[in-house]
Amino acid sequence: MPTITAFERSPDRGRGLARDMRVRWALEETGQDYDVRLLSFEAMKQPQHLARHPFGQIPTYEDGDLVLFESGAIVLHLAVRHAGSGLLPEDPDARARAIAWMFAALNTVEPPIVELSMAGILERDKPWYEARLRMLRDRVRTRLEQLSNRLGKDEWLDGAFSAGDLMMIAVLLRLRSSGLLEEFDNVAAYVARGEARPAYQRAFAAQRAVFQGLDAPDRN
Ligand SMILES: N[C@@H](CCC(=O)N[C@@H](CS)C(=O)NCC(=O)O)C(=O)O
């Protein structure tokens with residue numbers, strides 16, 4: 001059974017924003033049981049974990065001899081490995097487009113979102129904070145508007161739900177408390193469709209149970 005790593009005490013207080021959430025979601029979509037190794041911030045920087053993750057972060061994924069880091073690489077591995085799960089389309093062109101959406105989520109949409117949330121944590125006391133906040137919110141808004149235009153009235157980004165949607169929705173969820181998602185009805189509805197998936201719900205409950213100090217709920 002694969003083992004992933006996650007925060008022992010997630011800074012998001014169990015709101016599903018840490019990046020193990022996207023891996024848990026992919027594991028649930030592909031029907032895989034998994035173990036979780038919970039790590040303190042200190043343990044993440046120790047040699048044992050640095051051997052798994054050169055940057056001392058979570059999540060990681062271990063299955064037999066395979067040790068992976070980077071949430072995108074892990075989700076892609078799961079989608080390829082469990083081809084029948086439908087996380088990647090069979091048609092080669094559609095598959096390539098789903099992977100492109102994964103990269104878009106991680107490389108184009110997530111960076112301004114991370115910058116916005118980091119500013120809220122680290123720069124709140126700076127004299128220029130309000131002006132910077134406006135600029136960062138506008139940068140995120142630009143991406144949301146572009147995504148909204150592409151999505152239009154469609155249910156998912158490119159045909160059936162795929163790993164591209166999983167990654168995009170996992171990234172967009174980090175905007176939950178910003179009020180920005182609500183400015184784009186179709187994007188907000190898209191995120192809600194993702195959250196309504198039973199696999200997402202199971203993953204969310206499992207990571208929340210860690211924060212609440214409970215055992216993970218029964219998966220059946
Ligand atoms: N690009 C990496 C980012 C990993 C990352 O930033 N993980 C955060 C938790 S969501 C972390 O471990 N932060 C603690 C730290 O960097 O010390 C991925 O997608 O897996």
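Across from threonine 60 sits phenylalanine 69 of β4. Before going further, please note that this is a predicted model, where local features need pLDDT of at least 70, side-chain atom pairs count only at pLDDT 80 or more, and totals for chains, interfaces and linings use all residues. Residue numbers start from 1 along each chain as its sequence is written.

Strand β3 covers residues 60–63 and is joined to β4 by four bridges, the two running antiparallel. (Strands, E of at least two residues, and helices, H or I of at least four, are DSSP runs numbered from the N terminus; strands pair if DSSP finds at least two bridges between them.) Further along this pairing, glutamate 62 has valine 67 of β4 as its bridge partner. The hairpin of β3 and β4 has two residues between the strands, and glycine 64 adopts a positive phi there, near 60 degrees.

## The sheet as a whole

How many strands make up the open sheet, and in what order? There are four, arranged β2-β1-β3-β4, and their pairing is mixed. At the edges lie β2 (35–39) and β4 (66–69), each of which pairs on one side only. From one strand to the next, the twist averages 20 degrees.

On the other pairing of β3, strand β1 (residues 3–7) runs antiparallel to β3 over two bridges.

## Backbone details in the loops

Two loop residues are worth a look if you check backbone torsions. Most residues other than glycine have a negative phi, and most peptide bonds are trans. Arginine 13 is not a glycine, yet its phi is positive, at about 55 degrees. You will find arginine 13 in the loop between β1 and α1.

Is the peptide bond from isoleucine 58 to proline 59 cis or trans? The bond is cis, with omega near 5 degrees. Proline 59 belongs to the loop that links α3 (47–50) and β3.

## Around the ligand

Ile58 and Pro59 turn up again among the residues around the ligand. (Nonpolar means Ala, Val, Leu, Ile, Met, Phe, Trp, Tyr, Cys and Pro; charged means Asp, Glu, Lys and Arg; the others, Gly among them, are polar.)

## Helix α7 and its two partners

Helix α1 (residues 20–29) and helix α7 (residues 163–172) have axes that come within 10 Å and cross at roughly 150 degrees. That angle makes α1 roughly antiparallel to α7. (Axes are fitted to C-alpha atoms, for helices over the stretch in contact, with angles from 0 to 180 degrees between N-to-C directions; under 35 degrees is roughly parallel, over 145 roughly antiparallel, 65 to 115 roughly perpendicular and the rest oblique.) The crossing of α1 past α7 is right-handed (near helix turned clockwise from the far one by less than a right angle; anticlockwise is left-handed). From α1, Met21, Arg22, Trp25, Ala26 and Glu29 take part, and they meet Ala163, Leu166, Met167 and Ala170 of α7 (C-beta atoms, placed from the backbone, within 7 Å). This contact of α1 with α7 counts seven nonpolar, no polar and two charged residues.

With α8, the axis of α7 comes within 10 Å and crosses at roughly 110 degrees, so α7 and α8 are roughly perpendicular to each other. Here α7 passes α8 in a left-handed crossing. Asp165, Ile169 and Leu172 of α7 make the contact with Val187, Val191 and Gly194 of α8. Four of these residues are nonpolar, one is polar and one is charged.

## Helix α8 against α6

Which residues of α8 does α6 meet? They are Asn186, Val187 and Tyr190, facing Leu144, Leu147, Ser148 and Leu151 of α6. In this contact of α6 with α8, five residues are nonpolar, two are polar and none is charged.

The axes of α6 (residues 129–151) and α8 (residues 185–196) come within 8 Å and cross at roughly 80 degrees. Helices α6 and α8 are therefore roughly perpendicular.

Conventions:
Contact = placed C-beta atoms within 7 Å. Near = placed C-beta within 6 Å.
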